[in-house]
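Morning, everyone. I will take a sheet, then a helix pair, then the ligand site.

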Amino acid sequence: MQYDFAIVGGGMTGATMALALAHMGHESRRPARILLLDQRRLGDGPHQGFDSRAIALSYGSEQILRQLNLHQAFLGSCGTISSIHVSDRGHYGRAVMTAEEYHLPHLGRVVELNDVGHGLLKQLNNEPQIEYLAPASVVKVEVKSTGARLQLADGGVIETPQLLLADGGESHWRSALGWRWLETDYGQRALVTTVQSLDAKPGRAWERFTSEGPLALLPLGDGRFSVVWTLAPEHAEQLMRLDDRLLLQQLQQQFGYRAGRFSRIGQRAVYPLVMRKTLDVVHDGCLLLGNAAHQLHPVAGQGFNLALRDVATFYHLQSVRWLAGKPAGGAELANTYLQQRQADVSRTLQMTHGLAILFASDAKPMIFGRSLALWAMNRCAALKWPLVRQALGIQESLR
Ligand SMILES: Cc1cc2nc3c(=O)[nH]c(=O)nc-3n(C[C@H](O)[C@H](O)[C@H](O)COP(=O)(O)OP(=O)(O)OC[C@H]3O[C@@H](n4cnc5c(N)ncnc54)[C@H](O)[C@@H]3O)c2cc1C
């Protein structure tokens, strides 16, 4: 079977890439043959890529989703972030960022991955250019300068000039094909759940730095918050064993009452926190995307936002070639993609890693430094702007 594009991994990144390429086919009136392959099928029970997590999408990401005609799948039901309150538990520093001070309608949205999965599945099912092959498994991949050849467990063979690997942070094919990457284990866990607040301020997100790491509350729009609580592994295990009433008490005690009185807690899950950075995301006719390319600490809510900017860049570069009647992929496209993505990827990784380290430390000079930074940022919007611009994924042209 021959496809213009074959994508292995149909999580948030892979499914988005497939639909973006289909959009390219519509725009150019030259349909593309796209294969999206996953070991699990969306809609067939629990799916690791679309679990109970909620994530923040930046203002810049929302603009990209609109350009790719994917806003309905992602933003059908979502919370809105109009301000972010950042504080350091037990210390003086605090900063507030509002959409108003940056002349934006809002700073971002909060989406539940489960809902996004339903929205994406609906669009995948309605897209004749995409073959969604799942559950399916690839047993062998051969990569050449002209593309890739995939052998499937059922004996099928796929040939494509452009293979895109989006099989997640633990990517099997990243190691099997000899990619090298750097990995930092933060020695932390993220406990993720939702909490109902009886008197939440609409649109306000909270990030509170505690002695174990950041505790973030993202507004889901109906008085509920998505909670991402960074903890030492033993503490996370201990909290996971508590019943709902005791966990709710612990959360309220840790966070205080700024976001209201918490009344009900939802389903919980725990994630190990690591950073992974692949050294060179392109191998001949094959490209790594999403968590397979770079996996981030959730402190700044950047993982999927960064992946989406990768998807958008690939889409734009490929669209120009496609419109000119050229085939999929190619070394020139891969090189331009690398050049265009390098700076943003390094900045985002550095910012996220820096925040994860800075706000996890209990050393006095670090506490003093971050209190001072938060205090200064709170007084001067210009000081916040470089950080805010990166976090919101804003290009100057979007403002
Ligand atoms: C606690 C937490 C909070 C977060 N908060 C935010 C946030 O606020 N904002 C943000 O932007 N990001 C956030 N993120 C990051 C975001 O969730 C991820 O970046 C994103 O979900 C990654 O999607 P992915 O498709 O790249 O990878 P995955 O979700 O891992 O998907 C990989 C897919 O590949 C499939 N697969 C795996 N192996 C194979 C194989 N061998 N063959 C075929 N298929 C395979 C899997 O079934 C899966 O569908 C957060 C992450 C965590 C853990």
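Two strands count as paired if DSSP finds at least two bridges between them; strands (E, at least two residues) and helices (H or I, at least four) are DSSP runs numbered from the N terminus. This is a predicted model, in which local features need pLDDT of at least 70 and side-chain atom pairs count only at pLDDT 80 or more, while totals for chains, interfaces and linings use all residues. Residues are numbered from 1 along each chain as its sequence is written.

First, the sheet. Three strands form an open sheet in the order β9-β10-β11, with antiparallel pairing. At the edges, β9 (138–144) and β11 (157–160) each pair on one side only. Strand β10 (residues 147–152) joins β11 over four bridges, and Leu150 stands opposite Ile158 in β11.

Next, the helices. α1 and α8 pack at about 25 degrees with axes 10 Å apart; axes are lines fitted to C-alpha atoms over the stretch in contact, and angles run from 0 to 180 degrees between N-to-C directions. Angles under 35 degrees count as roughly parallel, so α1 is roughly parallel to α8. Residues making the contact include Met12 and Leu21 of α1 and Phe304 and Trp322 of α8, where contact means C-beta atoms, placed from the backbone, within 7 Å.

Last, the ligand. How many residues surround the ligand? There are 36, and the closest are Gly11, Gly168, Gly290, Gly301 and Gly303; the criterion is a C-beta atom, placed from the backbone, within 6 Å. α8 gives the most to this shell, four residues.

Conventions:
Parallel < 35°, antiparallel > 145°, perpendicular 65-115°, else oblique. Contact = placed C-beta atoms within 7 Å.
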